[in-house]
Amino acid sequence: MKDRAGRRRARRFAIGTAVVVALAGMNGPWLYRFGTEKYHQYKINQPEYKAANGKWEIIEFPEKYRQNTIHAALLRTGKVLLVAGSGNNQDNSDAKQYDTRIWDPVKGTIKKVPTPSDLFCTGHTQLANGNLLIAGGTKRYEKLKGDVTKAGGLMVVHNENPDKPITLPAGTRFTGKENHKTFVSKDPVLVPRAEKVFDKATGKFLRNDPGLGRIYVEAQKSGSEYETGTEDNYRIQGLSGADARNTYGIAQKLALDKKDFQGIRDAFEFDPVAEKYIKVDPMHEARWYPTLTTLSDGKILSVSGLDDIGQLVPGKNEIYDPKTKEWTYTDKIRQFPTYPALFLMDNGKIFYSGANAGYGPDDVGRDPGIWDVETNKFTKIPGMSDANMLETANTVLLPPAQDEKYMVIGGGGVGESKLSSEKTRIVDLKADDPRFVDGPSLEKGTRYPQASVLPDDSVLVSGGSEDYRGRSDSNILQARLYHPGTNSFERVADPLVGRNYHSGSILLPDGRLMFFGSDSLYADKANTKPGKFEQRIEIYTPPYLYRDSRPDLSGGPQTIERGESGTFTSRAASTVKKVRLIRPSASTHVTDVDQRSVALDFEADGDKLTVTVPSSRNVVPSGWYMLFVTDGEGTPSKAEWVRVP
């Protein structure tokens, strides 16, 4: 690895020197006119440069197919699902205009897909059957304090009837007993029945604990005179008899304060063959900015997010069963900030790196550690540098996955902080006492860095910005290959497009990388011009694809059981040095918990290559994978799709 990196640096120096010498022989004025940009374009297109640094190219979709892509996932068909929902565009949200595209990177075709809900800021993960589970999204956009015209907020509805729940429709009116002000609910709410509480020792009835329902309410009219200053009990209009006695509302201050985004409960499976969304049982909790993580049994854990009131879901996590298509709550609660980076470990527990996308208290659920979902025990992992700058950090499971080493890259301070970290931090979860240690540093403090695992075990770290959402023209046009074997970075070709908030990267089956999105807050250094969403796709072709040849791979089984083997055909079988199963990515908000590269044992015999899948279902969760073989020069084959049932 080190020798190859050294040869690349030598080639970069050689080609740069050759070009400078050639240009120096020309007359000065011509050299000046040739200009820095033309020289740069000349240099980056030289074969020797591309073989050492790789190459970036921009793809612009035809105008009618462009969208503000927020989420992307590689499907088992080799196509890429690009999801915008309303695309961080209030007008689209108001018009219920939601977008999804499917892009075929081989044929270059693009297809519009009907999108049933606003899947802006949803959660997603790959399922064992090859479908993509998508859950949550946006009910309402945030309103800044100056834009809020009607006082509003959270109303907690109490039901003291132990015999039955009660449903209140949208438009229900709540009138304060003390303030006499009336507020109207925006959605229906189901309030569960009260729970009878008995003395454990004597069995004697003690009380009814009321069932609670939460609903967002607004004043009937605009104006500050309709704000409330203190907590009040609220009578519910339209109820009579026992319902009127048992059911009431309690609200704290209802004001003209900023209103955060509000989530939805909707959940879908996207079928990559039919290329359509299939509605499944909705979650119990509305979620905006949730993380979906595969568990040991193939079920999916849904964590965090803002609810339908715009408040952080209070640690009420739930699990989706792909067989029944239904959700159930976990037994215990545990709270995390939104989009927490949660990964399945070899022992079946969940590793939380501390990286997140921001919403939530700055003193709750921020510490990295290991979470046993069944017992709810959480063990903190020490040693994290820049621990106050884990928002917008990236987390990647370093290859191969069996080593259980994770890297946390960059990040920034809570909220719109200007703080950003140049640190990388690495933890070995197989150590007796895991702790974070610093890896090689980035050149600049970096929010929103992208990180993609490659078939040769390197990791491309690219893009990001020094400040919040690229503020003050702070996008970072740099890329590096991280080599786990030497724990070192190697600078490669610079990307052409800045990427910050709402961006991501996906490894394609041909070994290239696709980059999408970016949502700068401003378009200039002075922060006076509104930013424009980046709709262009960018493709990075790594150096390994500029070599003379690449190993071929074909003819193997489509399904291999864990612990079992499959035989493929390759004329280069005798030169193969690595075989990797790489799980397809599902990326958003610097969060891609699906991404993992699993090392496979293999044997070569003539043109036959027999590979063996590890037996641990936690190392190899059920699903579809890309199977790559890599030769002694680090050049990968194109991927063959393999299902691990």
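What share of the accessible surface of the protein chain belongs to carbon and sulfur atoms? Of about 27200 Å² of accessible surface, 48% belongs to these atoms.

**View 1. Overall fold of the protein chain in a predicted model.** The protein chain holds 48 strands along with five helices, and its C-alpha trace spans about 90 × 65 × 45 Å along the principal axes. The radius of gyration is 27 Å, which agrees with the value near 26 Å that a compact globule of 645 residues would have. Among the 645 residues, 56% count as buried, and of the contacts with a separation of 6 or more, 61% are accounted for by residues 24 or more positions apart.

**View 2. Charges of the protein chain.**

**View 3. Confidence along the chain, with residues 1–33 in view.** The mean pLDDT is 94, and 95% of the residues reach 70 or more. Over residues 1–33, however, the pLDDT is below 50, although this stretch has 30 contacts in the model beyond near neighbours in sequence.

**View 4. Surroundings of tyrosine 339.** Tyrosine 339 lies in the loop that runs between strand E25 (326–329) and strand E26 (342–344). Because its relative accessibility is 2%, under the 20% cut-off, tyrosine 339 counts as buried. Leaving aside neighbours within four places in sequence, its contacts include His71, Cys121, Thr122, Tyr289, Pro290, Ala355, Asn356, Thr588 and His589. The C-alpha atom of lysine 96, 243 residues apart from tyrosine 339 along the chain, is separated by 24 Å from that of tyrosine 339.

Key: Residues are numbered from 1 along each chain as its sequence is written. This is a predicted model: local features need pLDDT of at least 70, side-chain atom pairs count only at pLDDT 80 or more; totals for chains, interfaces and linings use all residues. Side-chain values use heavy atoms; hydrogens and water are left out. Helices (H or I, at least four residues) and strands (E, at least two) are DSSP runs, numbered from the N terminus. The radius of gyration is taken over C-alpha atoms; the globule rule is 2.2 Å times the number of residues to the power 0.38. Buried means under 20% relative accessible area, exposed over 50%, partly exposed in between (1.4 Å probe, protein chains only). Contact means heavy atoms within 4.5 Å. Accessible areas come from the Shrake-Rupley method with a 1.4 Å probe; for residues, only the protein chains shown count as cover. Lys and Arg count as positive and Asp and Glu as negative; His and the chain ends are not counted. The place of a charge is taken as NZ of Lys, CZ of Arg, CG of Asp or CD of Glu. pLDDT is the predictor's confidence in each residue, from 0 to 100.
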